[in-house]
Every structure is written in C-alpha cells, then in structure tokens.
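Here is my note on the model. Please keep the structure open beside it as you read.

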Amino acid sequence: MPSKGKGRHSSYSCCDSSCVKIYLCSNPEDSVIERRALKEKVFPRFRERCRSLLALDVRLIDPFESSDPNCWPDTNTRQQLIEECRKNSAGPFLLALVGHQYGPACLPTQVEVSEFQLLLQESQQAGVGTRQLERAYQRDENAVPPSYRLTPAVKSVCSLLREETGETENNMLCDEDLRKVLQTAVSLCVQSRHMSAERAQVFYRSALDSDLRFALENCPVLDIINRCMIYVHKVVNADGERGRQQRNSELQPALKADPCEQTALKTVPTPSELLSQLCDSFLPALLTSRQLILYTTTTECDRRHGYTSARRRAYADSLCHQVFSDLMALTDSLNIPRVRGQAHVIDAPSRERAEQEQLCCTLARFYKIIRPEEEKISAYVKGMDQQRPLVVSGGPCTGKTVLVAHCAEQIRVWLPDYDPVVISCFCNFSFSASPKHLLSSICHQIAHRYEEQSLSQLQPESWPCKNPKECSCETNYTSVSALDPHIDCHHGRQICDSDPGFCKTPDSQELDSSIIKVDVSLSELEEHLVSILTQLPSAKHPLILILDGLDQLENNVGAQIISSIPSPLPDAVKLIVTVSSSRRGLLQAIKLHYPQRGSRSPSASDDDSDEQTGCASVQLQSADRKQCAKLLESLLNSSGRKVTSGQQALVNQALTSCSLPLYVRLLHAHTSLWHSGMTKTKTTCTLLYVVFYAVRSCFS
C-alpha cells in the first residue's frame, strides 16, 4: 500500500480482558468483498495465534454481517457495540475500511423534542410536506432528554402512506424518502439561521462517518492510542462509462422535484464532499494526537471500464496482508508473559486461570448495592487465628456470587500489612465439572500464584554473585513439584543466567505440565492439594481460597471437593464457600467435614450457629427495596432512559414483590425499552413477564 501514515506508540497496556474484540467499521454497500476476505483469510489465523500464544480469544464485530438491510443495527446499537469493544478489548478495538463510496445518510434514531419541532415548523412554513416525518417519529417521554424516536416499523408506516396517497411500489425506498424530507427540513433551518451548519452535518453523515467520529472523538486519548486501524482506499474513475450513464438517469427525477425542495437541497453537501472531509480533514487531523494506524491507497482505473472485479480482488488481497501484519504488530506490543526471554505458549490450565481471573473482575462490577454481609466476610478474612471455613449462604439469585467476587477484589485492601494470595474458582463456569479437573485447576492456580509471587520479590540488587555465568545460589522460596504428589516440598534451585535479573526455576515447567497429565489419579491430586495448602501459605503470604458454584454441580462433585481440603484448615489458609439455601446437600457435607470443636453445650439449641457447625456462616437476605429502586434509577440514567410518573407506580409495586438484585437488572433490561406511547396494559404485561422469569430462575 503506497501511502502510509501512522503513529505507533506502546503506551497502551493490555487490560484485564481475555478477549480481543474488534469492531469492523465500513460502508456495507462498498465493502462486501473486503469484509469477506478479512473473515476468511485474516481473522482465522489471527484468532489461532492469540489463542495459542496469548490465551486470548478474538471476536470480530461486523454490524452489517447480515445480507438483509432490515437486520442492520441502528446508530445507538452500533455505538453501544463500539463502546463495548473499546472498554473490553485486550488490544485493538477498531478496524475501519473507508472506500470510494460514502454511503447514504443515517436516519437519526432519536431527535430532541425542541429540535424536531423546529424541523417541522420550518418545513411547514416553506410549504414542504411533513406527514411522512411525523408518522415515522414518535414522541418518547422515557428518553433523557425527551425526544422523538424513530419507530421500529418505519417500512410499514411508509407502505400505509403509499396506500393512502395512491403511490406505487416503483417509487424510491421508504428510508430514502425520509432522508430527503429530513435533509430538506435541516437545510431550511440552516438557511433561516435556526440551526448551525456544524449541527446540520450530523443529519447528513453516513453510518461509516458517524461510527468513526463516535469512536475517535470525545473520548480519552489513552483509550485510542495504538488501538485503531484505518484503511482508506481512493479510486479514480471508479464508475466508468456505464456508471456515468446510470448516474445521469438517476438525476432526472430530482430535476422534477418541488422548487422549494430543490433550493433547500442545494445547501446539502454531496457524498463526495462529505467523503473528502472525512478522509482529507478529519482523519489526518487525528493522526498525531490519537496515533492512528492509517493507510491511504489510491487506485487509478481505466476511464472506460472503471473499478473492475479484478482490481477489487487485488486490493482485497493486499489489504488482508497489511491487516494481518498490523494485527501481529499490535498484539506483540501488549504485555505478553515472558519465560526465558521468549513468548510463553499458554496451555489449557493457564488459559482457564486467566479466564477465571477475568470472570471475577467482571462479576465484581455488578456489585452496586452495598451489603452489610460484606463486613462479616471482612472480619473473617482479618481473623488470621481461625482454622475453619466461611459459608456464604442465601436463597437463589440473592447475589452470593457477585458478593464474593467483590470481596476477592477487596482482600488486599483489608490486609494492607500482608501479601495475600487470593484464588477465586467459579466452579460451574469451569471447562469440566469433574472432581479431577477441578482439583487440578485449583492446584495449578495456587502453585502458579505463589511461584509468581516469589519470582516478583527477587530483585537484581539482591544477587550475591558477581559473575552470573559461573555460579548458582539457593533461593529462599519454596517450590512444590507437581510431578510426584508424594513429595511434599523441596527448595527450588535458582540458576543465574546471563541476565542477573533473570532466574530459571527448573520446577516451573514440571508444575505446568503435571496439571494436564491424564494419568494422575484423584487420590494423588488430593494428596498434592494437601501438600500445597500445608507448605505454600505463610503468615506473611496467607491464602484465601474462594469456591463458588460447588452446589450447582451434579453427581456430588461439590462434596468430593470439600472432602479433599484439610480439616481443620492449615495455618494461614482461609476458605470461603457459597451455598444456596435450596441445595442442602453441600451444606451438610461441609458441616460433616468441619465438625464443631469441643463438646456441645447441653443448653445449645439445634440451630446452625457457628459454634455447633465448626464453620463460620453468613446468611444473605433480600436487598432493601429503596436500594433496589436507586439501583434501577442509576441503571436507567446510564442508558439515557427514565420511567414516567405513571410507570413508576408499577415499578414500585414490582420491587415490593421482589427485591433481588438480579430482578432489578431484569427490570432495567425491560424498562429501558419502554416508551411513553405504550399502554398501561402492555407495560403491566412486560412486568408480569419479568416476575415470572425471575421466579423461574430462582427455583430452576
């Protein structure tokens, strides 16, 4: 590709995500061949490389993947997809294909009330019909601020109008009619100086232009640097003779338009002008500040034949080569785990460990309602003299998983004078639910984290040897060999390499490979887990092991995992287990494995007090209704929505009947779709559906 401009800088550090999510921005009518080539030739290779070397999955988000234009997402949905990729991609998040066709203008999904009324007023004063515009947009008081929204059934509305006015199906498509009416109204507002030319540009932009500006404007620079790839393809003489004849025939109906409309549309910028603004002004201006990876290629075609299929395939091939090269360079700039100076090939256990850590971070973000039970969990973690587990119980959907995920993120804050190792295992999300696999995963995570912690504490200044090539020294950390479960522990020998700050640990490779050995028996894994829990944790480096979802596993797997953990717990080991109050089997297994210490008091009752069961317990209750109402209001505000006063009474009634955090999020998913035109009956039906869904989830 001849012309290239890019600012490449490795200031972006990989986020905690385990997936590279890339939004494919394009004009759907001008990028079919290029998008197909990328999906077939580039992304399968890129996905395989990320999975094998970086333990990262790859997702390509193409909003125009469907061949049916009616299935294409609207502007708001596309913006949500872009924001999702920007926030949750572990690397690049935007790949844009800018061709020689600009694309039709987007119909805005919503227009503020004052602005929409101005458009209608200016059009009516000029004698331009607005009936089609009024039927296509409906007032929505649930929007913040109140707006007119584009109705989902625009095609049906226009078909009805054609029947009423006697128009035939040979006329232009309905959305094209709406664009013409809307742009005429905008031009009239600009001419009367009631709307600025800058604001009017929003109504003229295509999906490609709108998506690019949303992705690159008005957002933190650090969220963009070295994460966007843009490929501009300028084609000279693209139409050829046949294209010019077709374009002239399409201009004839426009000459017969209403004189007022002709005058107004003269101020509307042409697609070529808008494309030039995008490629020659907007993108180059951001090249340095946003450090975009930007390529510009110019293809000059024969005047007679224009842009042929052969030329297009040739460009698509060169595009695939360049995109793959850039994707490799971007991923190489991430914080890749290094072992002995080379990229570490991630195996299945390491990948699962990374996904468990990412899952914990994701679940912790859902903690919005402050629960008083958090203080009890904090007190248990701080009580370092205890040797019993903590059982977090509660009804289905009360938020046990979200609570322990949040607490896992807070443990280092609770223990500022210690360096704890926190292992969160969400067992029902594991690759396999067998006891052997779960024990292997737990052993791998604990041993890896302690080994990682030990290596991070070794500073180059602490090396006693002057010539690292001719000496070896003993380390003061403990490394457990997983090849032989009967070996409790031994001191790993640290060999100095040419880099004084680098240490080879002979046992580390053995540790990784043993976890995926198929011939290790369940009893050997149990012995190995006991060895790890006994030898690795210390007073300075305690272990907090969180097991969630054991009660959801079948075939009594949860009870087998609990029986594999020592009773009482070793020193400096904390165990937190979540149990649903509707799953009594696991709770009984915990009580049997951790019996009460000392003799039972004759006066003790038969309740499940801590003294009688031998384990601490925290019982989650339903959240406060007022807190749930505040959470729902906050979620709606973040979505730019609200409920009207009439709808609020129904919401309050629903929260009174059920105040589960999950139910609040289900309510948000439905109330965010409400609009002021909905009837009370339909609104009530949607609430009843949510109640039914929540109850079914609780007892499934």
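1. Start at Gly394. Gly394 stands opposite Ser580 in strand 18. Strand 12 (residues 390-394) pairs with strand 18 in the parallel sense, over 5 bridges. Two strands count as paired if DSSP finds at least two bridges between them. Strands (E, at least two residues) and helices (H or I, at least four) are DSSP runs, numbered from the N terminus.

2. A word on the source. This is a predicted model, in which local features need pLDDT of at least 70 and side-chain atom pairs count only at pLDDT 80 or more, while totals for chains, interfaces and linings use all residues. Residues are numbered from 1 along each chain as its sequence is written, and side-chain values use heavy atoms, with hydrogens and water left out.

3. Is strand 18 buried or exposed? In strand 18 (residues 573-580), 8 of the 8 residues are buried, so the strand is largely enclosed by the rest of the structure. Buried means under 20% relative accessible area, exposed means over 50%, and partly exposed lies in between (1.4 Å probe, protein chains only). In a regular strand the side chains alternate between the two faces of the sheet. Val573, Leu575, Val577 and Val579 point one way from strand 18, and Lys574, Ile576, Thr578 and Ser580 point the other way.

4. Now the peptide bonds and backbone angles. Most peptide bonds are trans, and most residues other than glycine have a negative phi. The bond from Ser567 to Pro568 is cis, with omega near -5°. Pro568 sits in the loop between helix 19 (557-564) and strand 18. The bond from Val144 to Pro145 is also cis, with omega near -5°. Pro145 belongs to the loop between strand 6 (137-140) and strand 7 (147-150).

5. Two asparagines deserve a look. Asn555 has a positive phi of about 60°. Asn555 is in the loop between strand 17 and helix 19. With a relative accessible area of 66%, Asn555 is exposed. Asn237 has a phi near 60°, again a positive value in a residue other than glycine. Its place is the loop between strand 8 and helix 9 (240-255).

6. Next, the cavities. How many cavities of 30 Å³ or more does the structure hold? There are 3. A cavity is a set of points, on a 1 Å grid over the protein atoms alone, where a 1.4 Å probe fits but cannot get out; lining residues have an atom within 4 Å of a point. Grid points are joined across faces, edges and corners, and a volume is the space filled by probe spheres set on the points. The largest cavity has about 110 Å³ of space.

7. What lines the largest cavity? Its lining includes Asp30, Glu34, His100, Tyr231 and Arg312. Strand 4 (94-98), strand 8 (228-236) and helix 12 (309-332) each supply at least two of the lining residues. The lining divides into 5 nonpolar, 4 polar and 3 charged residues. Here Ala, Val, Leu, Ile, Met, Phe, Trp, Tyr, Cys and Pro count as nonpolar, Asp, Glu, Lys and Arg as charged, and the others, Gly among them, as polar.

8. Salt bridges come next. A salt bridge is a side-chain nitrogen of Lys or Arg within 4 Å of a carboxyl oxygen of Asp or Glu. The count comes to 20. One of them joins the side chains of Arg312 and Asp30 (2.9 Å, N to O). Arg312 lies in helix 12 and Asp30 in the loop between strand 2 (19-26) and helix 1 (32-54), so the pair ties together parts that are 282 residues apart in sequence. Arg312 is buried at 18% relative accessibility, and Asp30 is buried at 5%.

9. Helix 12 has a further link to helix 1. Asp317 forms a salt bridge with Lys41, with the closest N and O atoms 2.9 Å apart. Asp317 lies in helix 12 and Lys41 in helix 1, so this pair ties together parts that are 276 residues apart in sequence. Asp317 is partly exposed at 41% relative accessibility, and Lys41 is partly exposed at 42%.

Definitions and conventions
1 Å grid on protein atoms, 1.4 Å probe; cavity = no way out; pocket = protein on both sides within 12 Å on 5 of 7 lines; lining within 4 Å.
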